[in-house]
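Here are my notes on this structure, as numbered points. Please read them with the view open.

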Amino acid sequence: MTARSTFARRIDSLDAVAAFTDAALEGADPAQRHAVAFAIEELFTNMVKYGAEGVPRIGIEIDHRVEGVQVTLIDAGVAPFDPRSAPQARIDAPIEQRSPGGLGLHVLRRMVDVLDYRYDAGRREGRTRFVVGPRTGGPAC
Amino acid sequence: MLTLEGGEAGEAVRIAGRLDAAQAPAAQTFLDRTQGRVTLDCRRLDYISSAGLGVLLKTQKRLMGSGGGLRLTGVSPHIRDIFTYSGFDQIFEIELAG
């Protein structure tokens, strides 16, 4: 079953996004739920931070199946941004050289099993899709 | 929803709920008041995002700069995974939940 909703392009939408995610993932194992929630927040937050010119609401679709959870975030009225192309964070640097920049997408890429991005230039609409498989018995990736 | 309490006279800071991008500024304000060697009791921390990681990193840098540090205790397996993926296991003392 696919759950669909849209959320205002604001950081304070995160509580509503989390509630929507929790409801859509009822029955999923805790590690899978955690990975999906993390990935959704990172992508949604990036869309809020860097897509101020976009349409007022960001769409989220969650398709929860036994074989995995597929999530699509729909961001319209924006320039393209492929999260797969973000630079790797430096996670082995000494603490004085560390910065939080890029950590979110770095961790996201470790937590999901599939990540892709499509952009419709005519509609200026980006669709970021990821899949997180069941985690029971250990990470799938 | 996020709550932080404690941290007086060497007692642990207890954090509970979701440390996400919406709650990170309040968490930073609270942790900016801590000094020395600080224990953050994470037993009731349900979730952390990269914004929360940024709060912990900034706090650790400040505390280490004055000879202190932040120790994370009661960490759940899911949050431990995020610490590992972000390399925080190299820069924090981390104690898993029992």
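Predicted model: local features only at pLDDT ≥ 70, side-chain atom pairs only at ≥ 80, totals over all residues.

1. Helix α2 (residues 30-50) and helix α3 (residues 103-111) of chain A pack at about 145 degrees, with axes 10 Å apart. Axes are lines fitted to C-alpha atoms, for helices over the stretch in contact, and angles run from 0 to 180 degrees between N-to-C directions. Helices (H or I, at least four residues) and strands (E, at least two) are DSSP runs, numbered from the N terminus.

2. α2(A) passes α3(A) in a left-handed crossing. Left-handed says that the near helix is turned anticlockwise from the far one by less than a right angle; clockwise is right-handed. From α2(A) come A35(A), F38(A), A39(A) and E42(A); they meet G104(A), L105(A), V107(A), L108(A) and M111(A) in α3(A). Contact is C-beta atoms, placed from the backbone, within 7 Å. By class, this contact has seven nonpolar, one polar and one charged residues. Nonpolar covers Ala, Val, Leu, Ile, Met, Phe, Trp, Tyr, Cys and Pro; charged covers Asp, Glu, Lys and Arg; the others, Gly among them, are polar.

3. Helix α1 (residues 14-24) of chain A also crosses α2(A), at roughly 145 degrees, and the axes come within 11 Å. The crossing of α1(A) with α2(A) is right-handed. L14(A), V17(A), A18(A) and T21(A) in α1(A) meet V36(A), A37(A), I40(A), E41(A) and F44(A) in α2(A). Those residues divide into seven nonpolar, one polar and one charged.

4. Now chain B. Its open sheet has five strands in the order β1-β2-β3-β4-β5, with mixed pairing. Strands pair if DSSP finds at least two bridges between them. The edge strands, β1 (2-6) and β5 (93-96) of chain B, each pair on one side only. Twist averages 20 degrees from one strand to the next.

5. β1(B) and strand β2 (residues 13-19) of chain B are antiparallel, over five bridges. In β2(B), A16(B) is the bridge partner of T3(B). α3(B) lies across β3 (37-48), β4 (69-75) and β5 of chain B, at about 115 degrees to β3(B).

6. How many residues does each chain give to the contact? Chain B gives 20 residues and chain A gives 24 residues. On the chain B side, α2 (50-65) and α3 (77-85) each supply at least two residues. The largest share, seven residues, comes from α2(B). That side has nine nonpolar, eight polar and three charged residues.

7. On conventions: residues are numbered from 1 along each chain as its sequence is written, and chains are lettered from A and ligands numbered from 1 in the order written. Local features need pLDDT of at least 70, side-chain atom pairs count only at pLDDT 80 or more, and totals for chains, interfaces and linings use all residues.

Conventions:
Contact = placed C-beta atoms within 7 Å.
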